Structure formats: C-alpha cells, structure tokens
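Please look at the sequence and the structure together before reading the notes below.

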Amino acid sequence: MSGFRGKEIVDAHVHLWDNEKFFYPWPTADLHAICRPFHVSDLQEALEPSPVRKIVFIQVNQTYEETGYLEDRGLTYDLLIRTRHFKLAETVVKKFPKLKFVIDHAAKPEIAEGKIDEWKRGMKMLAQNPNVYCKISGLVTEASRENWKVDDLIPYVEHVIAVFGADRCMFGSDWPVCTLAKDASYKNTFKAYLQCVSHLSQSEKEAVFCENVVKFYGLERKSEKINFK
C-alpha cells in the first residue's frame, strides 16, 4: 500500500489514554466514540491493516519556563493552535529560536466552513521561521465529519507543503481522534493523506512519511538516560 520500499513509515501523532484510571480534561463525555480507554493493544489492532508500524506518542505543556527547559536540552515542542492563535505562536517561536516547534494538525483549519485565506496567511508567516515544522494530521475531523472526502483536504495539504517545503512536513494519523469522522479508520486516514501528496516526488513522500519525524524528534539517536531533576 505504501510504496516506500526499504523505508519505515512513522506516524508523528498518536494518542493513548486510560480515562478509567486517570483524569483527562479531554476527550469529554459527549465524544462518546473516543471517551474510553485506548491502550497499546487497541493501537496495534488499528495499525494492522496499514503499513505503519512505528508511532510517536505526544505529550506537551504550555509555560514559557518549561518551553525554555525544552530548548536548553535540545528537545522539541508541539504547538496545538488555531487560526486565532497565529500571532501568539509567532511570538513564541521567535522567543525560542533554538527550539524546534511542530504545528499539530496544520493549525486545525476550518475546512468544513471552507475558510482558508486567513489560515493560509498565518501558515505562511509561521513557515518563515526555520525552527517551525508542520504535521499533516487532524484534517479529517476539521472537514465535514459525516461527508468528508480527500478533495476537501488537498488544498490545505498542498498549501502546507508549498510554504514549509516537504522537508519540514510530517504525516500524523491523530488516531483515535480521527475515527470521529465517518469511515476514518486508521487505514483510510493513512490512505487519504497519501492521496493528498500524490503531486510530490518519491523522495519528497519519503521525507513526509518516513524521514522528517525521525529527524525532528531525534528518534535515530540511541536511547539515553535523562535526568528530570
């Protein structure tokens, strides 16, 4: 299915939680489909029909103090923002120029409403900062959840790649949140994003689906003991 011979696909954005054991402010009870525990075994079952076997489990915080801590240690920061947050995000990424940031879910554009112009301007602004990357993820749930199609996503994916370049973009499923959209299983979500980048060369596709996430998160490094004191 993938066409990436000899390359390992890495999913840059997956969630796991156990809300029967721990408190989470989200997902809320009204999101019935995902307001339940999701364990590694659930993920393995979801991955099975796809060619993806490696994932990144995400956790971040939001204070300047902790952001500085990450920068000092050569770590990374996931930015979960929307269009209304672009100016604040621009301030943050310039305040910490040595810290690598990645915008989760392409800043959650309002695809269902067809809004794109302001979002495009903001993404172009953030892309001018070389320490900022972007995840092609979370888009199926920003389109019409009942009637989404790949063609709805393509203009947004193409713009992200145009302003960031294929060398600063990475694929993420946003599983299990993606399943809130109709027929957006892990396999179908993966196929949708692959179709969105059909205009890219083979090497560019490999960068987006296999290589950039490894470089961004430093996954090629050997395991090392981290002192959290």
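This is a predicted model: local features need pLDDT of at least 70, side-chain atom pairs count only at pLDDT 80 or more; totals for chains, interfaces and linings use all residues.

## Nonpolar cores

The largest nonpolar core comprises 65 residues, and within it Met123 and Phe209 have the most contacts. Helix H5, which covers residues 150-164, gives the most to this core, contributing seven residues. Apart from it lies another core, made up of ten residues that include Val10, Ala12, Met170 and Tyr217.

Leaving aside residues up to four places away in sequence, Phe209 touches Phe4, Glu8, Ile9, Val10, Phe171, Phe190, Tyr193, Leu194 and Val197.

Glu158 is found in helix H5, and it counts as partly exposed because its relative accessibility is 37%, a value between the limits of 20% and 50%.

In helix H6 (residues 186-196), the buried residues are Tyr186, Thr189, Phe190, Ala192, Tyr193, Leu194 and Cys196. The elements that cover them include strands S1 (10-14), S5 (132-136) and S6 (169-171), together with helices H1 (40-47), H5 and H7 (202-217).

## Helix H7

The buried residues of H7 are Lys205, Glu206, Ala207, Val208, Phe209, Cys210, Asn212, Val213, Phe216 and Tyr217. A kink of about 50 degrees is centred on Glu211. After H7 comes Gly218, which has a positive phi near 65 degrees.

Notes:
Residues are numbered from 1 along each chain as its sequence is written. Side-chain values use heavy atoms; hydrogens and water are left out. A nonpolar core is a set of buried Ala, Val, Leu, Ile, Met, Phe, Trp, Tyr and Cys residues joined through side-chain atoms within 4.5 Å. Buried means under 20% relative accessible area, exposed over 50%, partly exposed in between (1.4 Å probe, protein chains only). Helices (H or I, at least four residues) and strands (E, at least two) are DSSP runs, numbered from the N terminus. Contact means heavy atoms within 4.5 Å. The bend at a residue is the angle between axes fitted to the seven residues ending there and the seven starting there.
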